[in-house]
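Here are my notes on the chain you sent. Please read them with the model open.

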Amino acid sequence: EYDNMWQKTRSILSYMYDNYIDDFDYFYLCGDDTHLIVENLRHYLHRVEKTHGENTPLFIGFKVKPRGKYLNHGGAGYVINKVALRRLVEDGFPMCYKHTIIAAEDR
């Protein structure tokens with residue numbers, strides 16, 4: 001159901017955390033109609049690693065500013081590193097938007 005994208009995204013991110021947090025440094029979440037050139041992303045993330053510490057949470061995507069607030073647009077997909085994923089799932093999910101039903105996963 002498209003009207004419940006936030007809870008679906010929340011479940012996907014929780015699944016990544018529960019099953020793969022110690023296996024990967026970065027996670028890429030996108031729709032099934034998104035195309036990605038993996039080598040370009042790998043090259044970009046290598047550059048990002050040089051300018052950010054390994055304990056810096058990263059949430060990287062196509063930044064937009066609707067209604068005066070910055071967010072990553074979900075349509076292009078986004079990258080979240082393990083530090084940010086851990087904080088999101090452990091600290092954010094237990095208390096934020098637990099029962100929200102909304103079509104947009106990126107708001």
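Among contacts in the chain between residues at least 6 apart in sequence, what percentage join residues at least 24 apart?

1. The figure is 67%. Keep in mind that this is a predicted model.

2. Fold outline. The chain holds three helices and three strands. Along the sequence they run α-β-α-β-β-α.

3. Burial and surface. The chain has 107 residues, and 31% of them count as buried. Its accessible surface is about 7,600 Å². Carbon and sulfur atoms account for 54% of that surface.

4. Length of α2. This helix covers residues 38-51, which is 14 residues.

5. Buried side of α2. Leu 41, Leu 45 and Val 48 are buried. They sit on the same side of α2, because they cover an arc of only 55° around the axis.

6. Exposed side of α2. Which residues are exposed on the other side of α2? They are Glu 39, Arg 42 and Lys 50.

7. Packing partners. The buried residues of α2 pack against three strands: β1 (26-29), β2 (59-64) and β3 (71-81).

Definitions and conventions. Residues are numbered from 1 along each chain as its sequence is written. This is a predicted model: local features need pLDDT of at least 70, side-chain atom pairs count only at pLDDT 80 or more; totals for chains, interfaces and linings use all residues. Side-chain values use heavy atoms; hydrogens and water are left out. Helices (H or I, at least four residues) and strands (E, at least two) are DSSP runs, numbered from the N terminus. Buried means under 20% relative accessible area, exposed over 50%, partly exposed in between (1.4 Å probe, protein chains only). Contact means heavy atoms within 4.5 Å. Accessible areas come from the Shrake-Rupley method with a 1.4 Å probe; for residues, only the protein chains shown count as cover. The expected span of a helix is 1.5 Å times one less than its number of residues. The arc is that of the directions from the helix axis to the C-beta atoms.
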